[in-house]
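I am opening a notebook on a structure that is new to me, and I will write down what I look up, entry by entry.

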Amino acid sequence: MRKPAPQSVDFDLLPTAVGRERDDAVHPAPHAENWRAFYGLIAKWRLAVHAAIEEEGAFGHPFYWAPVFLGAGAAAWFASPTTPSQTYLIVLVGILSAAWLIAGPSRLKLRAPIAVLALIATGALLAAWETQRAGTVILDSSVTTTVTGMVTEREADANGRWRYTIQVAATENPALERAPDIVKLTGLGKGEPFALGEIIEGRARLSPPSGPALVGLNDFAFSAYFEGTGAIGFFYGRPLTLGMWDGDTDVVEAVTGRLNALRGQISEHIRSVLPGDTGAFAASMVTDDRRAMSRETAEALRLAGLTHIIAISGLNMALAAGIFFIGIRALLSLNQEVTHRYPVKKVAAAGALLTVTGYYLISGFAVSAERAYIMMAIMLTAVFFGRPSISLRNVALSAIVILILSPSAVMGPGFQMSYAATLALVAGYSLWQRRQARDLPFAGIPFMKPALPVWVFMSGVFMTSLIGGFSTALFSIEHFHRIATWGLPANLLAMPIISFIVMPAGLLALILMPLGLDWLPLQIMGLGLDLVIAIAKWIASFEGDAVVGRIPGWLFVGLTIAFVILAIMRSKLRYAGAGLAITLMLLYLALPARPKPDLVIYEDGTLAGLLSDKGIATTRTRPTAFILEQWQRALPVDQHLQPVMNAVPGDLAGKERWRLDPEQLASARKLMKADLVKASSDRFTCRNGLWCIARVKSGAVILQTDISGLVGSACDMADIVITGARLKWTECRSGAKMFSGTSLRRTGSVEIWFDPANSRKIRVISAFGIGERSWYTHRVYDWRSGQYAY
């Protein structure tokens with residue numbers, strides 16, 4: 001059948017809309033050119049982004065994002081209020097992995113997001129496996145009991161006391177149903193320390209690790225769970241020794257025990273040659289034994305931004321490896337025959353690898369040392385294969401290894417700060433390498449050429465300190481709520497001493513120590529450390545420690561993403577990181593500041609803080625400094641307002657005030673009413689050991705007491721009742737809000753905001769919500785019933 005012939009079209013007879021399109025094509029509207037320019041700009045941006053992505057792929061930079069997504073998955077798992085299903089994660093990882101394989105290399109646009117999701121899910125699954133593997137039993141509540149166990153580690157503090165890590169064999173009087181496997185106890189008396197492997201028995205006070213002092217602050221129970229520590233505390237008097245352990249031990253325990261003994265001997269020997277803070281400083285750099293340093297010196301190092309020198313971290317490992325690597329290579333290069341016949345560089349790398357391995361073995365297996373060792377081992381191994389040792393690929397590989405072995409490290413400041421500094425320094429090093437010699441200052445002046453090496457060294461030290469300081473500032477603010485404003489000049493003055501005097505002398509002392517020839521190198525090391533301590537105290541005298549308080553979670557996450565983009569990206573896409581950081585900072589400055597809470601309560605119910613324009617008023621004259629300092633930095637507030645202490649009547653005085661008879665309780669209630677009339681609005685009025693009362697500006701009355709018999713009366717008189725007593729009832733019949741030892745055990749520390757119009761209306765934020773997270777389960781265990789009260 002023949003097709004009909006095509007007919008001509010008269011455009012003048014077409015509908016109006018089509019005709020309008022035809023008219024616009026012939027006579028464009030004024031705004032059409034603007035739209036065409038806009039679409040052209042979008043097309044150019046798409047081409048530029050596509051070219052940048054191809055550049056990132058050509059240089060292998062997508063691989064560097066693998067540890068980022070693994071860490072993000074692990075962090076999301078740990079931050080979840082409830083435990084995600086492990087079975088669901090396994091199935092999800094399997095499905096995403098299969099989808100990635102099915103997509104094939106030809107479908108990159110589909111494969112890339114699948115890979116991202118698979119890495120995030122894998123990170124979460126690794127976190128779940130580590131939590132299950134740890135299985136630490138944490139003590140449910142404070143108790144006094146007799147502990148029998150074996151000493152596995154020991155450390156001396158600045159006061160000459162010893163802190164022992166004990167593997168618990170038994171508890172009695174009372175016998176604990178959920179006894180922790182590992183406890184850390186301090187011996188209060190001085191004397192000869194117990195030997196490693198010695199069985200000791202003593203009466204001790206055990207307490208579970210504390211939770212966060214406020215929302216978002218450090219959770220010590222979390223870190224203790226993954227370290228295996230179930231309780232902390234102290235001995236009453238000197239424990240009895242029951243002899244040395246003579247039972248069977250596996251190979252790992254035997255080797256660990258010998259290494260711990262060697263570590264202790266090295267620490268004690270160093271402190272005997274270099275007494276005081278100098279010896280404690282030297283021991284901390286060699287064996288990571290930090291408790292012997294005085295609080296004054298440790299605080300000076302912190303204020304000066306030099307605390308990173310104390311811990312065995314990437315700096316110490318890099319200096320140890322670098323000194324040995326350069327020394328061996330220079331020594332072997334003196335003989336031309338050896339240089340031409342043998343791979344001198346690889347031999348030096350092997351020697352440096354053995355050096356850092358030995359260094360790690362005597363470091364006490366600290367998390368920071370483990371992280372630094374893995375990083376240095378990968379970098380030195382790269383030399384054997386002719387690959388660059390300092391590269392982002394090696395940093396990414398080390399991060400992947402650590403996240404596989406211990407994904408919980410991603411939540412700690414050590415991991416975040418060390419990798420932030422390493423990423424920034426490696427990225428800066430790659431940019432430094434691209435510089436041409438002619439770009440250096442004075443390069444064209446002949447008589448200035450001898451000064452070029454000095455200029456390169458000094459500028460390298462300056463840039464290293466500058467990059468390291470800026471890259472870790474965000475994480476210092478997030479975890480410690482402060483930054484050392486004089487950290488740059490302190491590091492510029494101290495780091496050459498550490499690099500050229502302290503570490504070479506310390507390394508030589510370790511080599512000569514078995515021969516008994518280490519006295520002179522240790523003295524040289526001590527002189528260098530004395531200079532560093534003097535610099536730290538001088539810088540600390542400027543009082544440059546800036547307290548900035550807590551920052552919003554969205555700002556921390558956003559700035560972290562911006563930093564990673566800047567550090568990892570090679571193409572112009574890295575400028576997106578700078579744009580994101582600027583946008584977030586402008587948004588943070590434009591938004592109204594989060595109001596400070598009116599009242600904060602610590603998790604044990606015995607300490608509360610009332611905030612005002614004058615400072616923070618507490619219920620104790622001398623509260624625990626560790627808690628108060630965290631509150632002052634996080635909120636932030638400077639002034640501590642002590643309570644007004646009134647005398648305790650004779651009939652209520654005595655050591656057993658918490659056991660009051662009915663007549664005493666009646667007398668106490670009358671006195672409490674009288675104190676309520678005199679309650680102040682800016683600080684607490686207290687009767688020592690009985691109660692503390694305050695009245696806020698909104699009219700709400702706050703009353704804190706640890707006497708369970710007075711809680712009922714407190715509910716009738718106050719709007720907020722705080723008590724450390726473990727009560728079966730958690731609510732006041734009067735409608736007052738009660739925070740007891742029972743409720744706070746489940747919620748942790750709380751922050752409270754009062755409604756100015758209604759004294760009974762409050763907003764409460766708790767440090768955590770009890771779910772089935774493994775590091776919180778001890779808080780809901782009832783030793784009387786032996787059950788968990790979720």
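At what angle do the axes of helix α9 and helix α18 cross, and within what distance do they come? Before answering I note that this is a predicted model, in which local features need pLDDT of at least 70 and side-chain atom pairs count only at pLDDT 80 or more, while totals for chains, interfaces and linings use all residues. Residues are numbered from 1 along each chain as its sequence is written, and side-chain values use heavy atoms, with hydrogens and water left out.

**Entry: α9 and α18**

I looked up the pair and found that the axes of α9 (residues 295-303) and α18 (residues 519-540) come within 8 Å and cross at roughly 70°. Helices here are DSSP runs of H or I with at least four residues, strands are runs of E with at least two, and both are numbered from the N terminus. The axes are lines fitted to C-alpha atoms, for helices over the stretch in contact, and the angles run from 0 to 180 degrees between N-to-C directions. The two helices are therefore roughly perpendicular to each other, a label given to angles of 65 to 115 degrees, with under 35 counted as roughly parallel, over 145 as roughly antiparallel and the rest as oblique. I also noted that the crossing of α9 and α18 is left-handed, which is the term used if the near helix is turned anticlockwise from the far one by less than a right angle, clockwise being right-handed.

For the contact itself (heavy atoms within 4.5 Å), I listed Glu296, Thr297, Ala300, Leu301 and Leu303 on the α9 side, which meet Ile533, Ala536, Lys537 and Ala540 of α18. These residues divide into six nonpolar, one polar and two charged, where Ala, Val, Leu, Ile, Met, Phe, Trp, Tyr, Cys and Pro count as nonpolar, Asp, Glu, Lys and Arg as charged, and the others, Gly among them, as polar.

Next I checked which residues of α9 are buried, and found Thr297, Ala300, Leu301, Arg302 and Leu303. Buried means under 20% relative accessible area, exposed means over 50%, and partly exposed lies in between, with a 1.4 Å probe and protein chains only. The buried residues of α9 pack against α18 and also against α8 (276-287), β7 (482-484) and β8 (545-547). Just after α9, I found Gly305 with a positive phi of about 70°.

**Entry: α3 and α5**

I then turned to helix α3 (residues 66-79) and helix α5 (residues 108-134), which pack at an angle of about 50° with their axes 7 Å apart. That makes α3 oblique to α5, and α3 passes α5 in a right-handed crossing. The contact includes Phe69, Trp77 and Phe78 of α3, and Leu119, Ile120 and Leu126 of α5. Its residues divide into 13 nonpolar, four polar and one charged.

**Entry: the nonpolar cores**

Which residues have the most contacts inside the largest nonpolar core? I found Phe281, Leu306, Met317 and Ile498, in a core of 118 residues. A nonpolar core is a set of buried Ala, Val, Leu, Ile, Met, Phe, Trp, Tyr and Cys residues joined through side-chain atoms within 4.5 Å. Helix α13 (residues 367-384) gives the most to this core, with 11 residues. Not counting residues up to four places away in sequence, Met317 touches, among others, Ile312, Val356, Tyr373 and Met376. A second, separate core of 26 residues includes Leu665, Leu690, Leu703 and Cys715.

Phe415, in helix α15 (residues 413-433), is buried at a relative accessible area of 9%. Leaving aside neighbours within four places in sequence, Phe415 is in contact with Arg371, Ile402, Leu403, Ala409 and Val410. I looked up Ser267 as well, which is found in helix α7 (residues 251-273) and is buried at 2%. Not counting residues up to four places away, Ser267 touches Ala283, Thr287 and Asp289.

**Entry: backbone details**

I found a cis peptide bond joining Asn173 and Pro174, with omega about 0°, and another joining Leu635 and Pro636, with omega about -25°. Asn173 has a positive phi of about 55° although it is not a glycine, lies in the loop between β2 and β3, and counts as exposed at 58% relative accessibility. His481 is not a glycine either, yet has a positive phi of about 60°; it lies in the loop between α16 (452-480) and β7 and counts as buried at 3%.
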